Each structure stands twice: as structure tokens, then as C-alpha cells.
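Please keep the sequence and the model side by side while reading.

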Amino acid sequence: MFTLNTSRTLEIRLTEQEAKICEVLDAVSKRYEEKEGKKVQLRIAGGWVRDKLLGLTCHDLDIGIDTMMGYDFALLVNDYMESLGHEKRTIAKIATNPEKSKHLETATMVVLGMPLDFVNLRSEVYDDASRIPSEITFGTPSEDAYRRDFTINALLYNIHTRTVEDFTERGLEDLKHGLVRTPLEPFETFWQDPLRVMRCIRFAARFNFKIVDEAKTAILDPRVKQALKTKISKERIGAELDKMIDDGAGRSTAIQLLHDLSLYDVVFAPPEVDGTAKGTTTVQGVAKDVEDAFKLVWIMEWLLKINPSVIDSDDLEGRIFQAEVDLGQESLLSQSRGSPLTTHLYPIVTTAPSPHVAMIIPKEEPFPEKLGTRNLILSGMLYPYREMTAVVNKKNMSASSWILRYGLKGKNLDIDIVTKLMESIEPVQRVVNSVALSPATDEESVQNERAEMGTVIRDIGFVTVIGKKWPCAFLLALGVELIPKFDTLRAGMLDEGTKSLIAAYNGFLSKAATYQIDHCFAWKYLVDGKELAKILNIKPGPKVTDYLRIVMNWQLKHPRSTKEDCQAWIADHPGLFI
């Protein structure tokens, strides 16, 4: 799965900032020994060591301490920094919270511009009833390494000797060969803490590593699957799924692993009558093949890479190991990047709004593309449940909404976006097909086409949480249409039918920009409800909302018209409303 990059050796190269931090921590340790006559050994633990050995950037430094609580050592660091003339820093004490994997008190503070977590090395004892350790004690570096989830995460970096320590004696080799393995017997590891199953899949997908056979066998044990269902909260499973999605790599691989390890229906547990969600009285439809989710997310990963706006800051050339590339995707990208077929395949609107149209200024989230991409992938993962619905407290709900709300305890933001994206698939496919098959040829047909396109865009984007992310619905709909072409795409080939489909969607998005309706989701009505009711001489009421849609249809046909133009048109055409 991984190949050796012979230009680098297996070592940790500290940045200037990291080297200075290690110098400070080593000095604090020596100062304490001189004053108290007691030694304290410091090691960087966890993912930082793994990532640095892989040549990746990591800013998550966990400082393991062998004979002292984290908060006590952080106080010593503060004193030392003050003695050098630095300003005293706030130390945050994070109390134990076993439900969120915080089994020991942690102290957090910023040292030389980098946040550090201080925690003592530990040993853990579990009972069979819970994933929470029944006993936690100070541990040796070896005990701390063996209680960790995987050998590649059990590596320690000794701050004093500046060396990597592999107490399991397998971590470095597993990292070298791209293997995910537990330090202890895998069944006991997963049985004690079933959340490690999710982490196992996440690391295998993120780094394109292989899960060793004995770990796979343990995960497939029905007892482990049942433990994951009963011992782990929905929120914790949802949090691990979030990390799989947000890691930005191997998301389709994660789906395949969940499927192969018989965990898809555990993570994405379908609606059930009076099960997870009380008040669920009816469930209709059945889940479709999970293979469709893998295919769709794989296709989405390709489409999202065609016009990337964010460059990965990792030093890819400097990685000590390189994942084997997906040759199919690499071939597709070589054919689709810079092609006239894909000029407008972005997940968000990239143009500026027209200055001629009054706009509702929506609240902007800081990273709209990241949020849109995240929910595209989430929609793909939930695609097998597209034909399932549930009735909860007498309200109809799609299965995807149910799973996110009750099965994964997801955020309302994600629920709203995914629900809209999923229900927009067919309307989007229809309008793209209509525009592609019957392009406008005269002024009247241009007006009608603009109104048809704008109506669909507004229906998607007018949902507050979507806004400028409405093109995500078109990428998703395109991905769904390309599922039957998956085998050809996986082989790295773009046949004429695929090119035609891509051209149709790209053409729609291009035409939306040309018509200047790509921001129409935020257009204000030229005439509001009260004014409309007054012109029509009717009482305000629910019907006025429907009448406003007629007004917007006219605005889309006449985007440069004024309020006075609109008022005159309404007065001249009352029969369209009443």
C-alpha cells in the first residue's frame, strides 16, 4: 500500500520552533532536578511522532510526563519562561471526561507560540462493562505505549535524547510497511474500547495503510460489533466519522472498509420503529447497495479535485513514504483538469454578485467550500438510504435526515444541508437535461430558460445554510448520473457519454454565471408581500407567498428591471395572481 521514499531516512526533523520548544522543556526538567533532586522525563507522544516520521506537518504536541501531573509541570514551565523575561501564560486545566476519552487531567498552555498539552504517562485497566478504564495509574513509557490503540500511534519522542522510542518494537516497522496493528491482542483491544474500531478504519483510510489480518478478524467478531453498538455513544461514533470526512483523504476507502468489516449498518444505522428515536412509528423503503456509496464518493473525490482551490500544505515530496496513487483518478484528472468540459465544476459560487440587483446579505461561514465539500461526501455516504423514509412524531422524514439526527447526533447545519442536497438530486438532473436538450435560441426562450434555471437555484440556495454552496447539489447530481459509468471511470477512461454528461452540468453552471443568476438565491423581491397585496387589492395571507414566486419568476426573466417596472407589470397582469 505504501512505497519507500528513498530520498529520506526514518527520522524526525524538527522545525526551528519545535527545536526551541524541546530546548525549553529539557531545561525545565534539568532545573527541577537541580532544585528538587528528582528526575522528570519528558516525551512527545501520539500522532505527532507518527506524522513527523511520515514527513507530515503536525501542530498537536502531547507532552507525556513520567512522574508528575501535567498541570504541575506546566506551572514549572511558566516559572521558567518568566525567568527568561517572557510573559506569564494562562494554563487551562482540562478535567477528566472519560466519555470523551479524557481519562486523566490535562493541562494546556502556549509555549513559544505553540499550544502544548501536558499529561502524565499512564497505565489503564478495563472491566467488561464499559470502554472507560476502571483503574488508571502512573505508568512507565512502555506501559503507556502498550495501552495505546495502534503501534504506529505508540511511538514516543524522547525530548532529552532527541530519539524515537519504540517500546512495542513494532511501531517503526509497521509505519515503514504501512500496517495498522494493535500493540496488544486485537480482540481485547477492541473489546475494551470499541471506538478503536472506528479509529482503525480512519487511520487505514487516511494513510492508505493495510489493517493486519488478525485485527480484521477481531473487528468482524460479532461481540465487537455488538460492543460498538452498545458501549459507544452516538456522539462519539459521529465524531470519528467527522474526522474520516474532514481528513480529506481516503474517504471512499473508509466506506469500503466499513462495508467489508460489516459495520456500515452500525455507523449508519437505518431508521427503526421506536428504536433509537422514540416516536418513530413508520419506516418505509429499504437500503440499497452500499457499493453505490463507495462509487459515488470515489466519483465526488475526483470531481472535487478537478478545480482545487486549497493546496495541501503538507510537504508531499518530503514524505518518507508515499501512498500508492489511485491510477484511475490520476488518469481522469490528467484528462479533466484545464479542460473546457470542467471550467465551472466548483462546489461554491466563485463570481461576484451583479451590482444591478438588490441582495439579501447572508451570514457567511468562514470556510464555505470546506463545509460544502464535507456535506457532499456525507450525502454520498448516505446515498444507499435514498429511498427510505420514516415518520417521527407524525412528521415525514428522509432516512438520511433520520440517521444524521438520531443515529449520529449530527449538527443541525449538516442535517439541513444534506437533506436539501439529497432531495435536490432529481430536480437538478431534470433542469440540466432540459437546458442541455433544448437550449434557448431567441429572447423569449432565453427569458424562460433563465427563469427555469434560477427557480431551481433559488430552491436550493434560498435555504439559509446553503446559499453560495448551491453548486454542490449539481456536483452531487452529476456524481449520481456517473455511477453507471464507474467501472470505466475507475479504469481512468472518459468515454463520450461521460464527456457529454459533464459538459451538460458544466454548461449549466457556466450559463448561470453568464446570465448573472448564480447569486439569485439572495435576490430581494422588488415588491414585498404587503406591497403586492396592496396592488392586487387583497388581504395579506398564505397565498401571497405563492404570488411572490410569480414575482420572482418575472424578475429572473427581467433581471435589470426596476421596482417601478415590477409594480406596473403586476398591475397590468392581475389575472396571473388571482
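## Asparagines, helix packing and core

At 54% relative accessibility, Asn393 counts as exposed (exposed means over 50% relative accessible area, buried under 20%, partly exposed in between, with a 1.4 Å probe and protein chains only). The model is predicted: local features need pLDDT of at least 70, side-chain atom pairs count only at pLDDT 80 or more, and totals for chains, interfaces and linings use all residues. Residues are numbered from 1 along each chain as its sequence is written, and side-chain values use heavy atoms, with hydrogens and water left out.

Asn393 sits in the loop between strand S15 (389-392) and strand S16 (395-398). Helices (H or I, at least four residues) and strands (E, at least two) are DSSP runs, numbered from the N terminus. Phi of Asn393 is positive, near 50 degrees, in a residue other than glycine.

Asn208 is not a glycine, yet has a positive phi of about 60 degrees. Its place is the loop between helix H7 (195-207) and strand S12 (210-211). Asn208 counts as buried, at 19% relative accessibility.

Asn433 belongs to helix H18 (residues 425-437). At 42% relative accessibility, Asn433 counts as partly exposed. Asn433 and Tyr505 are 72 residues apart in sequence, and their C-alpha atoms are 8.6 Å apart in space.

Two packed helices are described by the angle between their axes and the distance between the axes. Here axes are lines fitted to C-alpha atoms, for helices over the stretch in contact, and angles run from 0 to 180 degrees between N-to-C directions.

| Helix pair | Axes come within | Crossing angle |
|---|---|---|
| H20 (residues 471-482) and H22 (residues 496-514) | 11 Å | roughly 165 degrees |
| H19 (residues 443-461) and H22 | 11 Å | roughly 105 degrees |
| H18 and H22 | 9 Å | roughly 85 degrees |

H20 is roughly antiparallel to H22. Angles under 35 degrees count as roughly parallel, over 145 as roughly antiparallel, 65 to 115 as roughly perpendicular and the rest as oblique. The contact (heavy atoms within 4.5 Å) includes Phe474 and Leu478 of H20, and Tyr505 and Phe508 of H22. The residues of this contact of H20 with H22 comprise 10 nonpolar, 1 polar and 1 charged. Ala, Val, Leu, Ile, Met, Phe, Trp, Tyr, Cys and Pro count as nonpolar, Asp, Glu, Lys and Arg as charged, and the others, Gly among them, as polar.

H19 is roughly perpendicular to H22. Glu449, Met453 and Ile457 of H19 meet Phe508, Lys511 and Ala512 of H22. That contact of H19 with H22 has 4 nonpolar, no polar and 2 charged residues.

H18 is also roughly perpendicular to H22. Its contact residues include Val428, Val431 and Val432, facing residues of H22 that include Tyr505, Phe508 and Lys511. The contact of H18 with H22 divides into 8 nonpolar, 1 polar and 1 charged.

**Nonpolar cores**

A nonpolar core is a set of buried Ala, Val, Leu, Ile, Met, Phe, Trp, Tyr and Cys residues joined through side-chain atoms within 4.5 Å. Of the 158 residues in the largest core, Phe118, Phe268, Trp302, Trp470 and Phe474 touch the most other members. Helix H13 (residues 291-306) gives this core its largest share, 11 residues. Leaving out residues up to four places away in sequence, Phe474 touches Val428, Val431, Val432, Val456, Ile460, Tyr505, Phe508 and Leu509. A second, separate core has 13 residues, among them Ala533, Leu536, Val551 and Trp554.
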